[in-house]
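Here is a brisk report on one protein model. It goes from the core to helix packing and then to backbone details.

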Amino acid sequence: MLIDCHSHLANFNENEISEIISRAKKSGISYIFSAGTDIKNSEKTIYLANSNDEIYCGVGIHPNRVTNDIKDNDFYKLEQLAQSSDKVITMSETGMDYMPNAPERKKQEEVFVVQITLAKKLKLPIIWHSQIPEINSFGNHKNTLDILNHEHADTVGGIMHYFQADYTTAKKAIENGFLISFAKPLLRQKHQKEIVEKIPLEHIVLETDSSPQPWKKNRSLWTEPKDILLIAKKIAQIKNISLETVMNATNDNINQLFDNKFKKAN
Ligand SMILES: [Zn+2]
C-alpha cells in the first residue's frame, strides 16, 4: 500500500471524489491526506474525511490565503475544527510563501506562528509549505526553518511538503525533525535525483498535492492521488531498490509520525 500525504481533495467537484478514490485504490494507494487552505476549505475537507474511510485531513490557513482580515476568531474556529473529528490528524496547510505576489510576509509569519502554536497544543504534526522563486536553492527556506525552529515545531514534527529545494534545505529540514515529501516535480526536475540518492529512505514520504488543473484540457492528465505510484517507482529507480522497499519505508515513516495509525493495512 501507499499513502498520499498531501492533497487538496476539497477543491475537486464532490461528485468526483469516489472516482478519484477508486482510481487511487487501483494504483495501490490506501490513504489520502487532504489539507485545508482556509476555514471554509478546512470544513469541507473534514466533511470529505468524515464521509470516506480512505481520507484523513488537516486544517489550516495556506500562506497564500493569508489576508489582513484574519483575526483571533479565525484561529478559534480553526482550533474548534481541529477538534471536531478524529479524522483531523495534521495542521495543514500552513507555512511561508516568498513568491513575488504572495501576501505580506509579516502577516504570513504571524498566521504561521499561531498555527504552529495550535499544532503543539493539539499535538498535531505540521505539514508545511515553503515556496521560493528559485528551485534547487536554499534561499528563504532558511527563514521558514528559522520560524519552525524558533517555535519548537520539532516537538510535534511533520513534513516539508512538495519538495523542490536543494540538498542543504533537505538536510536542515531533516535535522530539525521533519520528513521530506516528494511529489511529481521529482519526475521532471533533474537536480532532485541527486537529493533522493543522498537522503536516507527513512526521511522520505510521498504526495501529489492534487488539486484541479482545468488548464489541462484532457481530464485524465490531471494530477490525482493515483500518481503516487509514479513517484514511488521513480524513487525505487533512483535508489536502485524495489518498489516494495519504497512502499514499506514510506509507510513506516508515516506511521512513526502518526503513532502507527496506518499500520494495519501495511
Ligand atoms: Zn498543498
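## Nonpolar core

This is a predicted model. The largest nonpolar core holds 67 residues. Within that core, Cys5, Ile180, Phe182, Leu206 and Ala232 touch the most other members.

Take Ala232 as an entry point. Leaving aside residues up to four places away in sequence, Ala232 touches Leu2, Leu206, Leu243, Val246 and Met247. Leu206 is itself on the list of core residues that touch the most other members. Leu243, Val246 and Met247 return below, in the contact of α9 with α10.

## Helices α9 and α10

Helix α9 covers residues 228-239, and α10 covers 243-257. How do the two cross? Their axes come within 8 Å, at an angle of roughly 115°. Angles of 65 to 115 degrees count as roughly perpendicular, so α9 is roughly perpendicular to α10. The crossing is right-handed.

From α9, the contact uses Ala232, Lys233, Ile235 and Ala236. From α10, Leu243, Thr245, Val246 and Met247 take part. By class, the residues of this contact are 6 nonpolar, 1 polar and 1 charged.

## Helices α3 and α4

Which residues meet here? On the α3 side they are Phe75, Leu78, Glu79 and Ala82. On the α4 side they are Val114, Leu118 and Leu122. The contact has 6 nonpolar residues, no polar ones and 1 charged.

## Positive phi at Tyr162 and Asn240

Two residues have a positive phi although neither is a glycine. For Tyr162, phi is about 50°. For Asn240, phi is about 55°. Tyr162 sits in the loop between β6 (158-160) and α6 (167-175). Asn240 sits in the loop between α9 and α10, the helix pair that crosses at roughly 115°.

Are these residues buried or exposed? Tyr162 counts as buried, because it has 20 C-beta neighbours inside 10 Å. The cut-off for buried is 20 or more. Asn240 counts as exposed, because it has 7 such neighbours inside 10 Å. The cut-off for exposed is 12 or fewer.

Where is the cis peptide bond? It joins Ser92 and Glu93. Its omega is about 10°. Glu93 lies in strand β4, which covers residues 88-97.

## Asn41 in α2

Asn41 belongs to helix α2 (residues 39-51). Is Asn41 buried or exposed? Asn41 counts as buried, because 21 C-beta neighbours lie inside 10 Å.

Asn41 and Ala10 are 31 residues apart along the chain. Their C-alpha atoms are separated by 6.5 Å. Beyond residues up to four places away in sequence, Asn41 touches Ala10 and Gly36.

Technical notes:
Residues are numbered from 1 along each chain as its sequence is written. This is a predicted model: local features need pLDDT of at least 70, side-chain atom pairs count only at pLDDT 80 or more; totals for chains, interfaces and linings use all residues. A nonpolar core is a set of buried Ala, Val, Leu, Ile, Met, Phe, Trp, Tyr and Cys residues joined through C-beta atoms within 7 Å. Two residues are in contact if their C-beta atoms, placed from the backbone, lie within 7 Å. Helices (H or I, at least four residues) and strands (E, at least two) are DSSP runs, numbered from the N terminus. Ala, Val, Leu, Ile, Met, Phe, Trp, Tyr, Cys and Pro count as nonpolar, Asp, Glu, Lys and Arg as charged, and the others, Gly among them, as polar. Axes are lines fitted to C-alpha atoms, for helices over the stretch in contact, and angles run from 0 to 180 degrees between N-to-C directions. Angles under 35 degrees count as roughly parallel, over 145 as roughly antiparallel, 65 to 115 as roughly perpendicular and the rest as oblique. A crossing is left-handed if the near helix is turned anticlockwise from the far one by less than a right angle, and right-handed if clockwise.
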